[in-house]
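Please look through the sequence and the model shown here, and then read the notes on packing that follow.

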Amino acid sequence: MSGRQSGRPTLEQVAARAGVGRGTVSRVINGSPRVSEQTRTAVARAVAELGYVPNQAARALAGSRTDAIALVIPEAEARLFAEPYFLDLIRGVSAELADADKQLLLTLVRSEQERQRFEQYLAAQRVDGVLLASVHGDDPLPDRIRELGLPVVMNGRRTEAEPVPYVDSDNIGAGRAAVAHLVGRGRSRIATITGPFDMYVARARLGGYRAGLTEAGIPPDETLVSAGDFTEEGGRRAMRELLDRRPDLDAVFAASDVMAAGARGVLREAGRRVPEDIALVGVDDSPVARLMDPPLTSVRQPIEEMGRTMARMLIREIHESTEAAPVEPRRHVLPTELVVRDSS
């Protein structure tokens with residue numbers, strides 16, 4: 001069967017006609033070198049037969065770009081604007097893209113419907129690449145973006161063996177440094193408030209906490225571990241659980257400053273003094289840490305620099321996607337630093 005079909009043909013129809021996947025069609029249209037000449041010819045024939053030449057595809061075939069980058073954060077607006085982490089990350093990404101004359105498209109993906117709609121947006125070739133933040137372990141979006149032939153860089157990673165390029169901080173080192181500091185201050189019943197376990201960052205900080213205890217000769221005790229969700233209310237809930245379960249604890253390592261702020265409120269309500277009764281350490285070294293009473297000891301991660309590094313890496317990925325040689329996934333892990341204040 002040949003000739004043009006009636007109505008506007010879809011990417012799926014082109015893929016079916018060419019006998020390849022939708023992502024392969026997108027890579028061909030996007031000018032990627034990562035397809036064989038035989039596949040490229042089959043897709044080109046299907047495009048011609050079906051008349052599939054939308055404006056954005058025509059621009060891509062001509063070798064031009066949109067000069068737009070999407071930054072995707074799968075969180076609600078309330079959390080996005082309440083947490084300094086995301087604001088610092090956006091600041092870094094925005095500054096780097098501005099220096100490169102790229103346009104930033106900030107996108108919140110909060111549901112399966114929004115994820116599917118965003119994938120359709122990407123399939124229309126409206127951006128040159130994607131930056132992803134706050135990715136959970138079961139999120140299929142990074143792999144779907146790669147299937148569509150678009151360069152993608154993540155803030156953090158889903159697993160230790162992450163195949164997608166990413167920029168991360170030394171989260172294991174953060175937990176280890178926090179525990180070593182608390183042990184050095186004479187604390188031995190050290191609890192931790194973790195992030196959600198479906199996020200690698202939470203598991204890594206917990207792993208660092210456990211490693212720090214082992215290095216100090218303190219047996220890990222699961223009754224001193226309580227799960228949070230990187231929110232202030234999550235820190236409050238976890239701190240209540242810890243006090244109910246282990247009222248004898250003498251220190252807490254919270255996996256974020258925001259959760260540490262929630263924990264601090266519960267400790268005050270319970271009549272526990274910080275740091276005299278219970279020492280407290282967080283992660284991020286955000287404005288939250290500096291404004292707490294007392295100011296919070298925190299493990300600093302270079303959030304704004306992570307944003308800048310992500311943007312630089314993605315721009316390189318975009319430029320190298322037109323070269324014949326395959327681009328190897330890049331991985332950058334930035335160092336963390338303990339900032340000691342009055343809470344410990």
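## Ala254 and its surroundings

Ala254 touches Ile193, Met259, Ala260, Val281, Gly282 and Val283, not counting residues up to four places away in sequence, where contact means heavy atoms within 4.5 Å. Ala254 is found in strand S8; helices (H or I, at least four residues) and strands (E, at least two) are DSSP runs, numbered from the N terminus. Ala254 counts as buried because its relative accessibility is 0%, and buried means under 20% relative accessible area, exposed over 50% and partly exposed in between, with a 1.4 Å probe and protein chains only. From C-alpha to C-alpha, Ala254 and Met239 are 9.4 Å apart in space, and they are 15 residues apart in sequence.

This is a predicted model, in which local features need pLDDT of at least 70 and side-chain atom pairs count only at pLDDT 80 or more, whereas totals for chains, interfaces and linings use all residues. Residues are numbered from 1 along each chain as its sequence is written, and side-chain values use heavy atoms, with hydrogens and water left out.

## The nonpolar cores

A nonpolar core is a set of buried Ala, Val, Leu, Ile, Met, Phe, Trp, Tyr and Cys residues joined through side-chain atoms within 4.5 Å. The largest one has 43 residues, and those with the most contacts inside it are Ile193, Tyr209, Met239, Leu249 and Val252. Several elements each supply at least two residues of this core, including helix H9 (171–184), strand S6 (190–194) and helix H10 (200–215), while the largest share, 6 residues, comes from H12.

Tyr209 touches, among others, Gly175, Arg176, Val179 and Phe253, when residues up to four places away in sequence are not counted. A second, separate core of 32 residues includes Ala42, Val43, Leu132 and Val135.

## Helices H1 and H3

Helix H1 (residues 11–18) and helix H3 (residues 37–50) pack with their axes 8 Å apart and at an angle of about 125 degrees; axes are lines fitted to C-alpha atoms, for helices over the stretch in contact, and angles run from 0 to 180 degrees between N-to-C directions. That angle makes H1 oblique to H3, since angles under 35 degrees count as roughly parallel, over 145 as roughly antiparallel, 65 to 115 as roughly perpendicular and the rest as oblique.

Gln13, Val14, Arg17 and Ala18 in H1 meet Ala42, Val43, Ala46, Val47, Glu49 and Leu50 in H3.

## Thr309

Thr309 lies in helix H14 (residues 303–320) and is buried, with a relative accessible area of 10%. Leaving out residues up to four places away in sequence, Thr309 touches Val167, His332 and Leu334.
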